[in-house]
Amino acid sequence: MEIGLIYSSKDPRQARTREFLRKFVRERGILAHFIETEKPVKAPIVTIDGYTVTGKSKPAKNRGRNSNATIPSTKDLTQELEKSIWCL
């Protein structure tokens with residue numbers, strides 16, 4: 001499995017997304033290759049085996065400069081990771 005992540009380490013929500021992905025893979029013993037890029041983005045861009053994971057919920061209001069950004073929830077990420085695992 002290949003997991004790509006473009007994220008901003010200065011945004012704690014995006015850092016939590018990174019940590020969630022790492023922890024999910026580690027705890028389940030999944031063999032995955034991570035490709036990470038750290039740069040200023042409004043929301044993390046996550047790809048799993050070439051497919052982009054998007055947040056399915058609407059962006060939260062009143063989040064300041066990131067008000068238009070939709071960060072994939074842990075539920076969204078879990079569903080996509082599990083789908084990819086079962087497709088292997």
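This is a predicted model: local features need pLDDT of at least 70, side-chain atom pairs count only at pLDDT 80 or more; totals for chains, interfaces and linings use all residues.
The side chains of Glu36 and Arg18 meet in a salt bridge, with N and O 2.8 Å apart, where a salt bridge is a side-chain nitrogen of Lys or Arg within 4 Å of a carboxyl oxygen of Asp or Glu. Glu36 lies in strand S2, residues 33-38, and Arg18 in helix H1, so the pair ties together parts that are 18 residues apart in sequence. When I say helix or strand, I mean DSSP runs, H or I of at least four residues for helices and E of at least two for strands, numbered from the N terminus.

Residues are numbered from 1 along each chain as its sequence is written, and side-chain values use heavy atoms, with hydrogens and water left out.

Let me stay with Arg18 for a moment. Arg18 also forms a salt bridge with Glu19, the closest N and O atoms being 2.6 Å apart, and Arg18, Glu19, Arg22 and Glu36 are linked in a network of salt bridges. How exposed are these residues? Arg18 is partly exposed at 22% relative accessible area, Glu36 is partly exposed at 28%, and Glu19 is partly exposed too, at 45%; here buried means under 20% relative accessible area, exposed over 50%, and partly exposed in between, with a 1.4 Å probe and protein chains only. Further along, Glu27 and Arg28 meet in a salt bridge at 3.9 Å, N to O, and of these two Glu27 is exposed at 54%, whereas Arg28 is partly exposed at 46%. The count of salt bridges by this rule comes to seven.

Ser8 counts as buried, at 8% relative accessibility. What does Ser8 touch, not counting residues up to four places away in sequence? The partners are Gln14, Ala15, Glu38, Lys39, Pro40 and Val41, taking contact to mean heavy atoms within 4.5 Å.

Finally, helix H2, residues 74-87, has 14 residues and reaches 20 Å from its first C-alpha to its last, close to the 20 Å expected at 1.5 Å a residue, the expected span being 1.5 Å times one less than the number of residues. In H2, the residues Asp76, Leu77, Glu80, Leu81 and Ser84 are buried. They cover an arc of only 125° around the axis, which puts them on the same side of H2, the arc being that of the directions from the helix axis to the C-beta atoms. Lys75 and Trp86, on the other side of H2, are exposed. As for what the buried residues of H2 pack against, the partners are S1, H1, strand S3 (45-48) and strand S4 (51-53).
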